[in-house]
Amino acid sequence: MRGRPRRTTITAAAALIASLSGCSGLQAGSSDAELRVSTTTGIIADLVRQVGGDRVDVTSIVPHHGDPHSYEPSPGDAAKVAKADVVFSNGLLLEEPGIMKMVHTNARKSAPKIEVAEKLEEYGGTVMKLEEDLGLDVLWLGWAVEGEVAGDGSQVRTTATKLEGPGELRVYLTDTLGTPKVYIDSADGLGDADSFTLPPEAHTHVNWAFSAPGTYRLTVEGRTETLDGKTEDIGSGTFTFTVGDDAEAPGAARVFDGGHADVALNAETGKVYVRADDDTSGEPERLAAEDVVLDVPDRAKAAVPKEEPYSFLGEAGDELWVLPQAVIGKHVHGDMDPHAWEDVANAGAYVRRIEAELIKADPDGKATYEKNAAAYLKTLGALDEEVAHKLATVPEKNRKLITTHDAFGYLAKAYGMEIAGFVVPVPNQEPSAAEVEELGDTIREKKVPSVFLEPNLAARADVLRRVAEDEGVGICTIYGDSFDDKVHDYVSMMRHNATELAKCLGEDA
């Protein structure tokens, strides 16, 4: 249970929500609104509407059913942003980088661009570290950028400039629809096209595919890029990969053959290194590129998929040695978990920040914003009590969540739940019998009565649904990043989540 005291009874809480949540729908702002506001997500749009009322006209970039981690903005989105007086995003690298680049490119310079969660603690909220542990049996290798870069919307571009080795290297990302986007392909030589950008302090997952066993050396270099076209070189380094069980590693080097690591570039110092998770200290290790070997063992061996979009990897059925991206779709993120709203107390901090920023942008509306915020904060206080009360009915032994997305750490911490696991299938590969068995074992060992699927992540749900059906456990719905046609406001979303969790994990589940 949550540690802070509860001051209202559940009867009062329910009555208060019933009386105050009627304004929680998707109503458009008034045509004579004082402010035009653009937000990145529907959840933030709803919170802005609650505070702004008729003085704001709010639009969301990511639509219902959309995923802010991977949504590609349209020209229509850019046009809306260009008209906005204020732009609110979540921050903490929740949004796909293309969304934020579009915002900084198209929003007027005079329009404040507020990343609400970036200062959540100043408004009474809490943020927590993002924990990632997918339990892969090979190295989980991503790319990362550390260090700040001056200028709104600035990016760091990493380019592969040289490869030595017995075969070809392809680095690519698989989107949520299974379509690959190639970042590096050594088959036609390396150049400016073999590159990609990340925002500062970001990390992303990719697939690393090698066509033959042996030792490879990959040289990469970085440069900063600003929205006005300025660039600056910031450093380079060479990384060694051993592919296949017979490949030899340099004797003095440290070998990484499992866990989570990144090929990392520091935009401030120009250093290039491997950043690796350290389970002992909890803080990442940083080792110079020349002191590390990244191992791709024979257990990473796969075959080129038969689907035509993967023909760049070779002939269908050809052998490959692959370090998988593990998470389908674009998954750029930082060190902190951005899904802070899943703790209702944090939603109150969002509201207080939104109130302050709307008053700055529209001082004449101060009384309106303060009145609306105060009323909605009472609604959220009652909602917090209701969620806590419902989840308190879940027996201790059943307080375990298995979901399709790592979005519920705040909910678990706030309301006494446990994240037993989230299912993120490896792109382009059917899960092995062992992996499916392991998931079934987890469900059985944890005695989980139900698993939870997010409506906007249907593409990720097949494995979890199949295993749940095989194990005879319930399949229920939970909302993380997005609304849909049934649930389209924050209060309804959190009430649904609490009700569904209590029903599906309850004593009779």
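**Asp384 counts as buried, with a relative accessibility of 6%.** Here, buried stands for under 20% relative accessible area, exposed for over 50%, and partly exposed for anything in between, using a 1.4 Å probe and protein chains only. Before you zoom in further, please note that this is a predicted model, in which local features need pLDDT of at least 70 and side-chain atom pairs count only at pLDDT 80 or more, while totals for chains, interfaces and linings use all residues. Residues are numbered from 1 along each chain as its sequence is written, and side-chain values use heavy atoms, with hydrogens and water left out. Asp384 belongs to helix α6; helices are DSSP runs of H or I with at least four residues, strands are E runs with at least two, and both are numbered from the N terminus. The C-alpha atom of Asp384 is 10.0 Å from that of Asn346, a residue 38 positions away along the chain.

**Lys390 and Glu386 pair up within helix α6.** Their closest N and O atoms are 3.0 Å apart, forming a salt bridge, a term that needs a side-chain nitrogen of Lys or Arg within 4 Å of a carboxyl oxygen of Asp or Glu. Helix α6 spans residues 366–392, and about one helical turn separates the two partners because they are 4 residues apart in it. Glu386 is buried, at a relative accessible area of 8%.

**Arg286 and Glu146 bring distant parts of the chain together.** The side chains form a salt bridge with an N to O distance of 2.7 Å. Arg286 sits in strand β17 (residues 285–288) and Glu146 in strand β5 (residues 140–146), and the two are 140 residues apart. Widen the view and you meet a salt-bridge network that links Glu146, Asp262, Arg275 and Arg286. Across the whole structure, the search finds 21 salt bridges.

**Arg223 and Glu225 form another salt bridge.** The N to O distance for this pair is 3.2 Å. Arg223 is partly exposed, with 24% relative accessible area, while Glu225 is buried at 17%.

**Asp32, Glu34, Asp54 and Asp364 form a negative surface patch.** Patches are built from residues with over 30% relative accessible area and no salt bridge, joining like charges within 9 Å and nonpolar side chains (Val, Leu, Ile, Met, Phe, Trp, Tyr) within 5 Å. Asp and Glu count as negative and Lys and Arg as positive, with His and the chain ends not counted. Each charge is placed at NZ of Lys, CZ of Arg, CG of Asp or CD of Glu, and accessible areas come from the Shrake-Rupley method with a 1.4 Å probe. Take Asp32, in the loop between α1 (10–20) and β1 (35–39): Asp32 is exposed, at 57% relative accessibility.

**The largest nonpolar core holds 63 residues.** A core of this kind is a set of buried Ala, Val, Leu, Ile, Met, Phe, Trp, Tyr and Cys residues joined through side-chain atoms within 4.5 Å. Which members touch the most others? They are Val37, Phe88, Leu358, Tyr490 and Met493. Elements that each supply at least two core residues include β3 (86–89), α5 (344–361) and α10 (490–505). The largest share, 9 residues, comes from α10.

Gly42 lies in helix α2 and is buried at 15% relative accessibility. Asp406, in the loop between β21 (400–403) and α7, is buried with a relative accessible area of 11%.

**His65 and Glu201 have positive phi values.** Phi is near 75° for His65, which is found in the loop between β2 and α3 (75–83). His65 is partly exposed, with a relative accessible area of 40%. For Glu201, phi is near 60°, and the residue's place is the loop between β9 (195–198) and β10 (203–205). Glu201 is partly exposed too, at 32%.
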